[in-house]
Amino acid sequence: MYRCLASSLLGRRVHRPWLTPVCLWPGSGGCSRWEEEKKEDGVKWTQLEHRGPYFAPLYEPLPDDVQFYYDGKPLKLSLATEEIATFYAKMLDHEYTTKEIFQNNFFNDWRKEMTSKEQKIIKDLDKCDFREIHKYFVDKSEARKALSKEEKQKLKEEADKIQEEYGYCILDGHREKIGNFKTEPPGLFRGRGDHPKMGMLKKRIMPEDVVINCSKDSKIPEPPEGHKWKEVRFDNTVTWLASWTENIQNTLKYIMLNPSSKLKGEKDWQKYEVARRLKDVVHKIRAQYQADWKSKEMKKRQRAVALYFIDKLALRAGNEKEEGETADTVGCCSLRVEHIKLHPNLDGQEHVVEFDFLGKDSIRYYNKVSVEKLVFKNLKLFMKNKDPGDDLFDRLNTCILNRHLQSLMDGLSAKVFRTYNASITLQEQLKALTNSEDNIAGKLLSYNRANRAVAILCNHQRSTPKTFEKSMQNLQTKIDAKKQQVEEAQQELKKAEDELEDTKDAKAEANVEKKKKLLKRLEEQLAKLNVQATDKEENKQIALGTSKLNYLDPRISIAWCKKFGVPIEKIYNKTQREKFAWAIDMADEDFEF
């Protein structure tokens, strides 16, 4: 049964003549995806056909000579219990497995999946020894790395076959690439920051969990043999191809089109155009919320102060959590009294608000900000006679705020403010920091510094990578070696110049020029390495990618590249260039957000 299911889930290799493209984008003599007739409001497509998701491989039992030990003695585990043990064993060298909350959540969920016999024996995680299992997977990983070129090529070809069959759909006559067409394999939930659910068991996704979305006239994807889909829908007002609910947060997961697809590109472009529209009215909006700080209505005052925070600090509105979500995360509208402290004077500044709360993904937001005097006075008023656990904005929620934002500008939301402020900040920082005389490395340092200003504004943090110290040591070794080369080249040049002084012949003169060129090249290489080291150090705890891909209008970066002669591939990798193909085509060096 177990093996049959594996083959039925994985062995679907049927030729699909419908995957022949009708029209590609960008076109090579064919029609352009951007020039087609627009559909009526709400309709995203008229034809959608695909193969459904590619399911994660089923569990392969450990070899007999790889054992789990409990209290120093080998213990043979049931298949389900063993599989979950491997999830933990694979992470033994990760920081997560040192965290008490991760250990407790894992052990609680693991025991639920054990047989009654195993539950009677395994009662203490500290007595569990996963080291032999961990070593087995480390060795397996090393063996994969050591495969011959031919063996790696064979694996690549197998992956390409899967990509070819499951990785494309037909959307309105176009062969479009699908984003992630594979269901996520089972494992242990990690979460970001100090998430209270880290370590819990992510269960395997089965066909019975999956809702398929396609067009009525298409060939409906066939579920693996012996299984059926949860549901098949024909909803052309959405762009997802399949969906299911994951068991940790009870949130919906989707199989979507690749970011480079026409629909995704249009959605991206529209998102940034809405943010650009805010530029024309933002001064009026700011004047209005500043006037509302003195309103006789408490509801208006709270809304105005919240909007000031969303605008000035790029705070999220604070959407209500999903059912079953236990993380104590908040946004602007759900801030409690305990999340802020008021300081009339602090560090030489007046009217300072000290924020300290868990934001999205349990990432801590900590900031001390000098605010307008009226904002400070209003916050004192909002906090009066309240307990630490009481809402700061007790007369405001995200629905009220969003209705107000919509009334100010069609399509306006807190996220639009984040996108606007992030993009404007990048544009202003690039103008201030970029020196046209710098070499490419110097210009890239300026770009990353501008990007970092945005990441700090949006609170896009990360923990220092595990490999950071080693990586910096390696870079420092290269810098030291390059310094030595520069010193030797300087000595060689001095010798050549002395020789020229003595001989005054053409050969000696040519030698001096040669030594000068070598020294210049080595000095440029040293400068580039020093820039890399500075960049690495400055960005070790900042996640630059999140803002770059989600909040920054790519046309700003592309225009900057074109204006200052920086290759676009230095900013965006191949996948990102495909995602932002619309922007690369659209933006020239004079583009202004």
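The model is predicted, so local features need pLDDT of at least 70 and side-chain atom pairs count only at pLDDT 80 or more, while totals for chains, interfaces and linings use all residues. Residues are numbered from 1 along each chain as its sequence is written, and side-chain values use heavy atoms, with hydrogens and water left out.

The structure holds 27 salt bridges, a salt bridge being a side-chain nitrogen of Lys or Arg within 4 Å of a carboxyl oxygen of Asp or Glu.

Select Asp129 and Arg131, whose side chains form a salt bridge with an N to O distance of 2.9 Å. Arg131 is exposed, at 60% relative accessibility; here buried means under 20% relative accessible area, exposed over 50%, and partly exposed in between, with a 1.4 Å probe and protein chains only.

Next, select Glu184 and Lys202, which meet through their side chains in a salt bridge of 2.5 Å, N to O. This pair links distant parts of the chain, 18 residues apart, with Glu184 in the loop between β6 (174-177) and β7 (187-188) and Lys202 in strand β8 (residues 201-202); strands (E, at least two residues) are DSSP runs, numbered from the N terminus. Glu184 is partly exposed at 42%, whereas Lys202 is buried at 18% relative accessibility.

Then select Asp394 and Arg395, a salt bridge in which the closest N and O atoms lie 3.8 Å apart. Asp394 has a relative accessible area of 43% and is partly exposed, and Arg395, at 47%, also counts as partly exposed.

Technical notes. Helices (H or I, at least four residues) and strands (E, at least two) are DSSP runs, numbered from the N terminus.
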